[in-house]
Amino acid sequence: MSMDAISELLVERFAADLTDVRIQEPDTVVARVAREKLKALAARLKADPDAGYETLNWIAGVDRETGFESVYHVYSWKTNTYLELHVALPREAPEVDTVTGVWPAADWHERESWDMVGIVYAGHPDLRRILLKDDFVGHPLRKDYVDLAENHPHV
Amino acid sequence: MSERVRTVRYPKLEHFSEPNVITTTADFIFSWARSHSVFPFTYGLACCAIEMLSSGFARYDISRYGMEVFRPTPRQCDLMIVAGTVNEKMAPVLKRLYDQMSEPKWVVSMGACATSGGPFYDGYNVVNGVDKVVPVDVYIPGCPPRPEALFQGLLELQGKIQEFKFVPEKPAAPATAAPAGEA
């Protein structure tokens with residue numbers, strides 16, 4: 001299936017949920033999703049027999065300064081192509097539903113995104129820090145993070 | 001920079017008065033034995049560990065110095081080669097493992113990260129040098145140090161181990177005349 005065909009298929013079947021669908025050569029379709037639609041859309045993308053986005057490769061947390069973005073990189077074994085789902089989140093309450101129920105691989109990636117950028121994944125089975133120590137204060141990959149003395153007990 | 005260079009001492013031919021008999025001081029023989037029977041702890045934290053492992057294999061051959069047996073448990077080790085970046089999450093673990101090592105024990109800080117934080121200096125989760133957590137005997141510069149550099153550091157450590165005095169200095173004996181006729 002060509003990239004144009006995949007893109008058309010996505011627009012046709014998921015028109016209500018996906019916006020700004022564009023092709024990023026050579027093998028990725030990029031699209032935006034509203035955060036309240038993400039969970040249901042993820043399940044449909046996985047179940048769709050032609051699209052077949054069964055595998056979640058990783059989740060990125062992005063600080064856009066005006067807000068945050070949770071970016072889902074999904075892979076389809078059926079078409080050997082990728083889908084990049086961008087979910088914009090407001091800065092004051094960056095919260096989005098978890099997709100661990102759809103793609104179990106999301107578990108640790110959501111924890112990392114919470115740890116580093118501070119995005120809350122509602123409904124996550126075990127949302128706690130994964131890379132930093134448990135008593136770390138703040139989220140260090142936020143643009144406005146200032147290094148704190150209490151995060152450096154060994155001086 | 002100190003001009004001082006430590007040298008590792010070995011028994012020489014003149015120590016052997018006859019085959020299988022060696023005449024030397026207790027300090028020398030114990031410290032020689034101890035410095036050539038060091039058990040390093042497998043403590044690789046980052047890319048320096050690759051050089052440390054490479055030191056262990058046939059090409060560089062760490063066993064020339066009698067310290068080839070890397071142990072995976074601190075209880076059987078007396079040398080911790082900190083090979084890599086120490087971060088704030090790892091630091092308490094490192095301290096605990098160091099405390100579990102058997103005495104006497106030494107620490108070698110391998111590479112820029114373990115010595116000062118290196119390229120990650122002042123990072124949000126980086127300890128700026130392992131000497132903030134445990135006492136360090138030898139620092140090895142490099143990013144990462146080649147096996148040759150690690151060996152120079154280990155030879156330096158062997159020299160340091162040999163400076164240890166096993167026999168306590170005796171208090172000055174009271175001046176008494178030796179009885180005549182006794183050898």
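Colleague: Which pattern does chain A follow when read along the sequence?

Modeller: Chain A runs α-β-β-α-β-β-β-β-α-β, with three helices and seven strands. Helices (H or I, at least four residues) and strands (E, at least two) are DSSP runs, numbered from the N terminus. This is a predicted model, in which local features need pLDDT of at least 70, side-chain atom pairs count only at pLDDT 80 or more, and totals for chains, interfaces and linings use all residues. Residues are numbered from 1 along each chain as its sequence is written, while chains are lettered from A and ligands numbered from 1 in the order in which they are written.

Colleague: Thanks! What share of the residues in chain A is buried?

Modeller: Of its 155 residues, 31% are buried. A residue is buried if 20 or more other C-beta atoms lie within 10 Å of its own, exposed if 12 or fewer, and partly exposed in between, with C-beta atoms placed from the backbone. His152(A) counts as partly exposed because it has 18 C-beta neighbours inside 10 Å. His152(A) sits in the segment after β7 (120–122) of chain A.

Colleague: Now helices. Which residues of α2 in chain B are buried?

Modeller: The general idea first: an α-helix has 3.6 residues a turn, so residues three or four places apart point the same way. In α2 (residues 48–56) of chain B, the buried ones are Cys48(B), Glu51(B), Met52(B) and Ser55(B). They lie on the same side of α2(B), because they cover an arc of only 100° around the axis; that arc is taken over the directions from the helix axis to the C-beta atoms. The buried residues of α2(B) pack against β4 (79–83), β5 (106–110), α4 (111–116) and α5 (147–162) of chain B. Two residues are in contact if their C-beta atoms, placed from the backbone, lie within 7 Å.

Colleague: And how do I read a helix pair, say α1(B) and α5(B)?

Modeller: Two packed helices are described by the angle between their axes and the distance between the axes. The axes of α1 (residues 26–35) of chain B and α5(B) come within 8 Å and cross at roughly 150°. Axes are lines fitted to C-alpha atoms, for helices over the stretch in contact, and angles run from 0 to 180 degrees between N-to-C directions. α1(B) and α5(B) are therefore roughly antiparallel, a label for angles over 145 degrees.

Colleague: Which residues make that contact?

Modeller: From α1(B) come Ser31(B), Trp32(B), Arg34(B) and Ser35(B), and from α5(B) Gln158(B), Ile161(B) and Gln162(B).

Methods. Angles under 35 degrees count as roughly parallel, over 145 as roughly antiparallel, 65 to 115 as roughly perpendicular and the rest as oblique.
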